Amino acid sequence: LGAVVLLHSIGFACGYGLPKSRNYKESTARTISIETGMQNSALAVVLAQSIGAPPLAALPGAISALTHSCLGSLLAAYWRIRDRKEDSPGDDGVDDIIEIRKVPNPKGDSGGKYGVDDQGFIFKV
């Protein structure tokens with residue numbers, strides 16, 4: 001189990017560190033990290049079953065899949081919490097909820113300018 005955790009941890013770390021060392025954006029480094037750390041362990045299970053290996057041969061692939069899923073989820077949660085703390089110092093960490101409604105405009109135009117923030121939320125300028 002230690003070797004599996006180490007394998008995926010190295011994948012996440014290298015997937016993040018190498019792009020950052022080449023001056024890629026934070027979002028790109030995070031994406032590469034997740035893609036590198038989340039190896040296709042299910043393929044090992046399918047291959048073991050397809051060649052007629054005993055069921056126990058699929059166990060390492062299953063453990064690897066469980067491990068990278070847990071590690072990837074923890075890493076994504078860590079980044080999300082860290083981003084919230086950096087974006088709003090002194091805030092309680094709870095985002096304000098803004099309701100956006102589409103209302104008919106008698107002029108037929110867009111009714112104003114709208115923008116999209118870095119998390120995909122729409123706001124009126």
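In what order do the elements of the protein chain run from the N terminus on? They run α-α-α-α-β-β. The chain has four helices and two strands. Helices (H or I, at least four residues) and strands (E, at least two) are DSSP runs, numbered from the N terminus.

This is a predicted model: local features need pLDDT of at least 70, side-chain atom pairs count only at pLDDT 80 or more, and totals for chains, interfaces and linings use all residues. Residues are numbered from 1 along each chain as its sequence is written, and side-chain values use heavy atoms, with hydrogens and water left out.

**The whole chain**

The protein chain has 125 residues, and 18% of them are buried. Buried means under 20% relative accessible area, exposed over 50%, and partly exposed in between (1.4 Å probe, protein chains only). The chain exposes about 9700 Å². Carbon and sulfur atoms supply 64% of that area. Accessible areas come from the Shrake-Rupley method with a 1.4 Å probe; for residues, only the protein chains shown count as cover. Now take contacts (heavy atoms within 4.5 Å). Among those between residues at least 6 apart in sequence, 49% join residues at least 24 apart.

**Helix 4**

Helix 4 covers residues 59-87, which is 29 residues. The expected span of a helix is 1.5 Å times one less than its number of residues. For helix 4 that gives 42 Å, and its end C-alpha atoms are 42 Å apart, so the two agree. Its buried residues are Gly 61, Ser 64, Thr 67, His 68, Gly 72, Leu 75 and Trp 79. What covers them? The cover includes helix 1 (2-21), helix 2 (26-37) and helix 3 (42-50).

**An aromatic pair and its neighbour**

The structure holds one aromatic pair. Tyr 16 and Trp 79 form it, 5.6 Å centre to centre with 35° between the planes, which is tilted. Rings of Phe, Tyr and Trp (its six-membered ring) pair if their centres lie within 6.5 Å; planes under 30 degrees apart count as stacked, over 60 as edge-to-face and the rest as tilted. Tyr 16 lies in helix 1 and Trp 79 in helix 4, so the pair ties together parts that are 63 residues apart in sequence.

Arg 30 is found in helix 2. Arg 30 touches Tyr 16, Trp 79, Arg 82 and Asp 83, not counting residues up to four places away in sequence.

| Residue | Relative accessibility | Class |
|---|---|---|
| Tyr 16 | 22% | partly exposed |
| Trp 79 | 7% | buried |
| Arg 30 | 13% | buried |
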